[in-house]
Amino acid sequence: ITTKESFTNQQINTVICDENKITPEFLYYLMKYNKPKLLKYSGSVYTNIAKSKFENFEIIIPENINEQKRIASILSAFDDKIELNNKINKTLEEMAQAIFKEWFVDFKFPGYEKLKFVNSELGKIPEGWEVKNIMEIIKRLPVGKKYSNKTALPKGKVPILDQGESGIIGYHNEQPTVVASVNNPVIVFSNHTCYYRLITYNFSCIQNIIPYIGINGYPTLFVYYLTKNKIKMNDYKGHWPEFVAQKFTIPPQELAIKFAEIIQPFVAIISKS
């Protein structure tokens, strides 16, 4: 909904309400929550809705305008809460990244003043740190049965992760193939699109979704921030070989564990929203 006058291009359509029958606010939420049905009804694989299909889409609305206003007001309050949660989550994520950068990129971790720096193949690093291949501190998890667009349900008990930005392609009602929780999260790497996600719930996967965790004393939370966005999509191809060839400056286990302990409450709050 916009309260300003504006122009639109050919990809933007304007809907004008007959306010004797429906309020703009109610229509906004009606369209918002019916978007999946509208897209399916349009028959398009893209996120647009054909004008002819939209005009023939049937809806049921309360005849009472005040009832429409009441429903829209409740949904608006939910939107406000979601927006607030998103801002809190964004702040917590930025704090986690800032701490990681200060400790493990700028090397200003607790007690750094007492250490000297030594040469390594990746430049100067604190004494006691090592350069390691990423596979020395992570373990790729098996995904079991792989699902697809055709087998995914619109609703179900277990989410199916895909390679898109939204992350979830659908659901199924069988046993999850990967187990995760707030205390034992799993990192997911999308082989072709290079999205990284920290997952705190049980899930299953489509093809080319690669879950992994930290091993050898290195918590998964530390590994997540260590590896996040280190490989960027440069073509629609498999990027896992490039991922596993990476080398990183790795701190002693104790420091990685301390970082994870600080960040874990952030993850707990984010996972509840």
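Which residue lies over the face of W240? It's R140, at 5.2 Å from the ring centre. A charge counts as sitting over a ring if NZ of Lys or CZ of Arg is within 6 Å of the ring centre and within 35 degrees of the ring normal. We'll come back to W240 in a moment.

Before that, some ground rules. What you're looking at is a predicted model, so local features need pLDDT of at least 70, side-chain atom pairs count only at pLDDT 80 or more, and totals for chains, interfaces and linings use all residues. Residues are numbered from 1 along each chain as its sequence is written, and side-chain values use heavy atoms, with hydrogens and water left out.

Now the overall picture. The chain has seven helices and 12 strands; these are DSSP runs numbered from the N terminus, with helices being H or I over at least four residues and strands being E over at least two. Of the 273 residues, 36% are buried. Here, buried means under 20% relative accessible area, exposed means over 50%, and partly exposed is in between, using a 1.4 Å probe and protein chains only. The chain exposes about 17,400 Å², and carbon and sulfur atoms supply 53% of that; the areas come from the Shrake-Rupley method with a 1.4 Å probe, and for residues only the protein chains shown count as cover.

How does the chain touch itself? Take the contacts with a separation of 6 or more: residues 24 or more positions apart account for 64% of them. A contact means heavy atoms within 4.5 Å.

The chain has 24 aromatic pairs. Rings of Phe, Tyr and Trp (its six-membered ring) pair if their centres lie within 6.5 Å; planes under 30 degrees apart are stacked, over 60 edge-to-face, and the rest tilted. F189 and W240 make a tilted pair, 6.0 Å centre to centre with 45 degrees between the planes. This pair links distant parts of the chain, since F189 is in strand β8 and W240 in helix α6, 51 residues apart. Both partners are tucked away: F189 is buried at 0% relative accessibility, and W240 is buried at 12%.

Next, the charged pairs. There are eight salt bridges, a salt bridge being a side-chain nitrogen of Lys or Arg within 4 Å of a carboxyl oxygen of Asp or Glu. One of them joins K228 and E93, with the closest N and O atoms 2.8 Å apart. K228 lies in the loop between α5 (220–227) and α6 (240–244), while E93 is in helix α4 (residues 65–105), so the pair ties together parts that are 135 residues apart in sequence. K228 is buried, at 18% relative accessible area, and E93 is buried at 18% as well. Another salt bridge pairs K101 with D106, at 3.0 Å between the closest N and O atoms. Here K101 is partly exposed at 44%, and D106 is partly exposed at 36%.

Finally, a look at the backbone. Most residues other than glycine have a negative phi. C194, however, has a positive phi near 65 degrees. C194 is in the loop between β8 (186–190) and β9 (196–199), and is buried at 7% relative accessible area. N208 isn't a glycine either, yet has a positive phi of about 75 degrees. You'll find N208 in the loop between β10 (204–206) and β11 (209–214), partly exposed at 23%.
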